[in-house]
Amino acid sequence: MTNQELVLFLNACISECEDTWRDKRKVMQECYDRYLSYRDHSKKKSWQHKIVVPAVYPAIKGASGLIRRILMKSDEFFKFVPERRDNAPQNAASPMAASPMAASPMAASPMAASPMGAPAALPMPGGMPGAMPSGMPPAGMPPAGAPVEDNMDNMARAFTKKIRFHIDECDFIDKFAEAVESAFVMFYGALKFTPVRCDDTKIVWDLNPQAVDKETGLPAPRYEFLREIKERGKLRCEVVNPLLIYFPVDRSYIIEESRVQLSDLLYNEEGIKYEKKELNRLKREDYANADQSEAEQARRIMLRISGDKKNKYRKEVVLHTFYGTITEEDGTVVKRDARFIVANKKYVILKPEASPYWLRKHPFVFITPLKTLFMVMGNGMVDGIRPIINALDNIVNMAGDKALFSLLAPTEINVDALKDPEQAEGGLTPGKLYKTKGPLGQAMHQISQGDIPQGSFVLAELFRSFIQNYTGWTEFIQGMPTEKGNVTATEVTRKTEASTMQFENIASSIEKGGIIESIEVVRDLTIQYFMDPAFNPETYDMFEQEGVPLDALPEAERFAFVNKRYPIRVKGLSAFFDAERKRKDMVDLFGLLSKVPAIAMRLNLEEFLSRVLNTYDETNPEDLILKLPPTPPGAQIDPKTGLPIAAPPQPLDAATMMRMLSGMNPQQPGVPAGAPVQ
């Protein structure tokens, strides 16, 4: 296909997506405005109230903040679990050495020519020194004859640590919470994962061979602080605006719209192999040529890349990146799983090439926590209550306008009763003198206005309850006082449980459709780009900490563990709600047992407290439990406290009392008080 045909193909795909989701996109924009507490009040008079009630912003922020707090509190919200087999191969047979790693696409992949540019140039491991002889098992590995899978647990833990390193480095938790917040507002959230190369800069204390003596000017090597810059691979995670992503109903292709500066595009930090001829055309025709046709000017205005208010030193370029299958008009497939980039809807700066991702067609992860039957996008926390939010705003604004009329009631002036009709100009002001003719009180008359109807407050509170029931973020889960005053403990418990159950279902959906897919993408990109210790030196250290010395393994076995399956187990969000439920059940059980002393006496309090504290993620719960002394044999037990009953004090005889008064030990005659008892 020619460049012009590619542009026509891209524009046709964008038009298809716009026609498919036109109504939905209008709702998404309106929901985003409600999230920002924005409404168009341009048609209102200056004296009218323009209040926008922040009805959904606290709910959305609270729900997304809850997800963020749970993930940040979880030291390990995911892990890789190896799948074992009963007939595991023996190490003596060296199945890893016979692994199809050499014939794997990982070994034969054209990394240097990958379309990712600089990020894709990260070489895969291979040819590294330190391999042990084939007859000697490396340190930390199972001995000969033992199943290789005995070491899979260590490899799974090391691989989990490796993935967590890249996840933390790209600030995944905050980005994921932001994507969830986007899903609550605009039906779905989108995360984009891309591998990039960056300069790792740090300050080191080392020998500077280029140091010069300040007095003599001669070379004088010495130790000093130096800046060390090393190139390394890094994962980038971005949250994409859903309004800037185009896809059909079946998501057979995805188009991302983005804006970059012309200077950044020409600098090409990512090293993508752009077409220099098209870049020169872009620079010359769209930004250097002042004489343009009306059609070209309309195109630039439509793209919002021209205008008097634009900074002439900062020129924006609109990029559309296509991921998917390219076809002709007759259905002929030109290229499957391809990627190409068009600038300003005219210039093909990257021609169609294979997808830079081995196991995926695109770099996006879509998050839809509130799924809807037979819908691709799902629902948000705003779209279903937009009319209610508008009605609540209208009631509040009308009540404010009514209150303003009551405070500043309009005044009727009879200009015929004024000696000078011009006195009525300018309206009423405090202290102004009016000269009238005729009886008093006939020149001016204040029009009385009634108070705000009390039913409007009842209706507003009803609308608020509708909004809370829809979002699930009620005053009970927020811990705020209710509007209707006192409520029963049973009502608080039931409504709190209902809200918690709703968020628990949302958390379960997020784990399955968001976290697991994100970890899968990071895993695939890590294997493809970040396993080479030359660019990611932390790789060997992490595996060696878990007893897997990769540098001591033969080359054929070094990374052969990726050939096995390591399912992902996510436990962050669901584990939080499980612990909450378990804690509540144990507290309820304790309250029930406390009403039956005979059963409470049989309860192991130390074990019970230990289990309760474990639900709070206490690392050493035994430190918080006081060890009780053993019960003396024959001692009576208090049924209420479960502790031994102290023996009543015995009456003192006259001789013991005289010894106490004389300062002697009452237990041993002749021994001073305070001396140790023999």
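Modeller: A salt bridge here is a side-chain nitrogen of Lys or Arg within 4 Å of a carboxyl oxygen of Asp or Glu. Keep in mind that the model is predicted. By that rule, the count comes to 26 salt bridges. Let us go through some of them.

Start with Arg 523 and Asp 524. These two form a salt bridge, and their closest N and O atoms are 3.2 Å apart. How exposed or buried is each partner? Buried means under 20% relative accessible area, and exposed means over 50%. Arg 523 has 22% relative accessibility, so Arg 523 counts as partly exposed. Asp 524 has a relative accessible area of 14%, so Asp 524 is buried.

Salt bridges can also share partners. One network made this way joins Lys 162, Glu 169, Asp 200, Arg 232 and Glu 538. Look at two members of that network, Arg 232 and Glu 538. Their side chains meet in a salt bridge, at 3.9 Å from N to O. Which parts of the chain does this pair tie together? Arg 232 lies in strand β3, while Glu 538 lies in helix α14, residues 538–545, so the tie spans 306 residues of sequence. Arg 232 counts as buried because its relative accessibility is 8%. Glu 538 is at 12%, so Glu 538 counts as buried too.

Now turn to strand β2. Lys 192 forms a salt bridge with Glu 256, with the closest N and O atoms 2.9 Å apart. This pair also links distant parts of the chain. Lys 192 sits in strand β2 and Glu 256 in strand β5, residues 253–261, 64 residues apart. Lys 192 has a relative accessible area of 13%, so Lys 192 is buried. Glu 256 is buried because its relative accessible area is 8%.

Trp 205 belongs to strand β2. Trp 205 has 54% relative accessibility, so Trp 205 counts as exposed.

One is Tyr 566, in the loop between α15 (555–558) and β12 (568–570). Tyr 566 is buried because its relative accessible area is 8%. The C-alpha atoms of Tyr 566 and Phe 80 are separated by 5.4 Å, although these residues are 486 residues apart along the chain.

The other is a helix pair. Helix α2 covers residues 22–35, and helix α10 covers residues 386–407. Their axes come within 11 Å and cross at roughly 40 degrees. That angle is why α2 counts as oblique to α10. The crossing of these two helices, α2 and α10, is left-handed.

Note on methods: Residues are numbered from 1 along each chain as its sequence is written. This is a predicted model: local features need pLDDT of at least 70, side-chain atom pairs count only at pLDDT 80 or more; totals for chains, interfaces and linings use all residues. Side-chain values use heavy atoms; hydrogens and water are left out. Helices (H or I, at least four residues) and strands (E, at least two) are DSSP runs, numbered from the N terminus. Buried means under 20% relative accessible area, exposed over 50%, partly exposed in between (1.4 Å probe, protein chains only). Axes are lines fitted to C-alpha atoms, for helices over the stretch in contact, and angles run from 0 to 180 degrees between N-to-C directions. Angles under 35 degrees count as roughly parallel, over 145 as roughly antiparallel, 65 to 115 as roughly perpendicular and the rest as oblique. A crossing is left-handed if the near helix is turned anticlockwise from the far one by less than a right angle, and right-handed if clockwise.
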